[in-house]
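Work through the following exercises with the sequence and the structure beside you, and try each task before you read its solution.

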Amino acid sequence: MTPQDFKDKWGPGGPAYDLNERQGAQSYFTDLCNLLGVPQPAMGGDAKGDYIFEKQTLALGQQRGFADVFKRGAFAWENKAPGKDLGVALKQLLGYSHALDNPPLLVVCDRLTTIIHTQFTGHPTVTYTVQLAEMDLPDKQALLRRVWLDPESFRPQQTTRDITEKAAHSFATLAEQLRKRGHDAEKVAHFLTQCLFCFFAEDVGLLPDRLFDKLLNARLVYGNKEKLTPSESLTKGLGRLFAAMRDGGIWGSDEIPWFNGGLFRTIDVPKLEITDVTELRNAANLNWSFIDVSIFGTLFERGLDPAKRSQLGAHYTDPATIMRIIDPVVRRPLLQKWELLAQSLRPQLAKSKKQGDAAYKLAYAQYISFLESLADFKILDPACGSGNFLFLGLKTLKDIELHIINEADVMGLERPLDLCTSPANMLGIEINEFAAELARVTVWIGELQWRVAHGYGFNTNPVLEPLDCIEHRDALMTPSVRPEPVEGVLPPLQYTEAEWPPASVVIGNPPFLGGSKKRGELGDAYFEALKTVFKDSVPGGADLVCYW
């Protein structure tokens with residue numbers, strides 16, 4: 001088949017143009033394979049199902065679905081009729097992806113347009129588009145052949161870690177500029193955390209129509225000249241936008257979702273100068289939807305805290321190291337419990353003749369009870385810092401729930417419409433106020449990223465659950481009422497041992513501080529109180545980490 005034959009057959013007015021999705025899917029794909037000179041799926045699929053039409057998958061929702069074409073290790077392909085929404089097609093593939101071993105390429109096509117989406121772990125998504133009218137161009141044909149013959153060649157050079165480090169450095173520069181002009185460090189940190197979330201929300205589509213980017217780059221007409229909005233106007237505009245995100249409502253012609261969550265409870269935008277606006281515009285050029293929040297919190301905290309600025313390029317606890325704790329404490333025990341239940345559910349369901357009979361109802365009730373136990377599973381990090389452990393704990397819990405839902409689907413159990421695990425499963429204690437706020441944002445972004453990656457929609461009422469379960473306080477001691485002065489001298493503050501919230505498991509990396517250094521770092525009063533409160537459980541010369 002020549003390129004012109006292909007275009008004539010499948011283009012507007014051609015004999016195959018009006019075929020519906022079902023009628024045209026396989027014949028279009030077969031013609032495309034012939035055009036490109038690449039292998040076709042074997043009729044009925046190959047023996048292992050590694051390259052097959054209509055690969056059965058476990059889709060989100062109530063029914064199983066089929067990827068139109070699947071090639072293991074290469075791609076999943078979804079065909080639509082001309083004019084259909086390819087965004088919907090991509091969402092379908094995202095729902096199938098986990099059950100298809102996460103192919104590196106997701107391809108959606110309405111015969112007139114073919115869009116290749118990369119999804120390599122640890123890399124941002126990149127898209128490539130080929131129009132039907134371009135099928136005679138050698139470079140476009142070569143691009144499409146790589147989908148079959150060399151999918152690895154689509155792996156982006158830039159990693160999510162590269163993007164994350166650039167973002168952290170950009171915000172560190174902005175924070176330093178604002179502090180040098182006398183702005184309070186905590187207020188600067190809070191403002192930039194709000195900006196961070198806006199960049200992310202815009203890039204995942206929660207803020208409509210590139211609204212934040214347009215605000216940063218708005219232009220006004222002065223006389224007969226067009227100039228960028230002055231920094232004073234931008235300062236006010238950001239304050240109004242944050243208020244709209246706090247309460248929900250109309251911004252110009254756009255409707256802003258109700259974000260809530262506490263992030264925009266306090267709005268205090270510092271006076272911005274042109275250098276600040278320029279740095280914000282530079283940051284806007286990054287793809288914030290792919291920020292690696294497992295390390296970003298640490299880098300962000302270092303960049304915004306003057307005391308930690310010199311640590312910006314220093315080592316941080318990488319995700320693989322954190323998973324050495326989370327895997328045996330969270331993942332393996334929960335999956336073992338599920339497997340024991342699954343072993344008892346399979347013979348029960350074998351007795352079921354139809355959905356809704358007594359055997360099915362009993363099995364389904366046990367299944368839902370297990371999911372509810374996941375909703376009640378609490379992970380506590382009592383020295384949570386900027387939330388790296390909490391983020392990976394949440395991701396692990398959601399991965400476990402999706403795995404269980406997929407396995408239950410194979411057994412014939414009806415799928416729930418949404419997951420029951422959420423940021424509310426995460427509990428944290430952190431003594432640094434800014435780090436505690438950053439931990440909440442890390443968990444929020446982690447939740448939203450997971451939903452995007454797995455084809456789940458966003459919650460919108462509100463977008464962000466309040467995360468009061470990540471507390472700003474001392475994890476070791478709670479100050480009691482200060483005693484009355486004695487002869488004009490104020491006695492030392494009295495402490496009691498701090499209480500931790502009830503949790504299913506405790507994870508984290510509390511601070512290490514040798515016994516000989518504790519007094520100098522903590523101060524005399526706190527050091528003596530620590531010895532007094534924990535005198536029956538921790539030797540006075542022990543490392544600070546032992547108190548956890």
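**Exercise 1.** Which kind of interaction joins the side chains of Asp 409 and Arg 415? Decide also whether each of the two residues is buried or exposed.

*Solution.* Keep in mind that this is a predicted model. Step one is the distance: nitrogen and oxygen of the two side chains lie 3.5 Å apart, and since a salt bridge requires such a pair to be within 4 Å, Asp 409 and Arg 415 form a salt bridge. Step two is accessibility, where buried means under 20% relative accessible area; Asp 409, at 5%, is therefore buried, and Arg 415, at 2%, is buried as well.

**Exercise 2.** Find the salt-bridge partners of Glu 528 among Arg 519 and Lys 531, and describe the setting of each pair.

*Solution.* Begin with Arg 519, whose side chain meets that of Glu 528 in a salt bridge of 2.8 Å, N to O. Arg 519 is partly exposed at 34% relative accessible area, and Glu 528 is partly exposed at 33%. Turn next to Lys 531, which forms a salt bridge with Glu 528 at 3.8 Å between the closest N and O atoms. Because Glu 528 and Lys 531 are three residues apart in helix α16 (residues 524-533), about one helical turn separates them.

**Exercise 3.** Describe where Ala 283 lies and what surrounds this residue.

*Solution.* First, locate Ala 283 in helix α9, which covers residues 274-284. Next, its relative accessibility of 1% means that Ala 283 counts as buried. Finally, leaving aside neighbours within four places in sequence, Ala 283 is in contact with Ser 170, Phe 171, Phe 199 and Trp 288.

Methods. Residues numbered from 1 in each chain as written. Predicted model: local features only at pLDDT ≥ 70, side-chain atom pairs only at ≥ 80, totals over all residues. Heavy atoms only, no water. Helix = DSSP H or I, 4+ residues; strand = E, 2+ residues; numbered from the N terminus. Buried < 20%, exposed > 50% of the residue type's maximum accessible area, 1.4 Å probe, protein only. Contact = heavy atoms within 4.5 Å.
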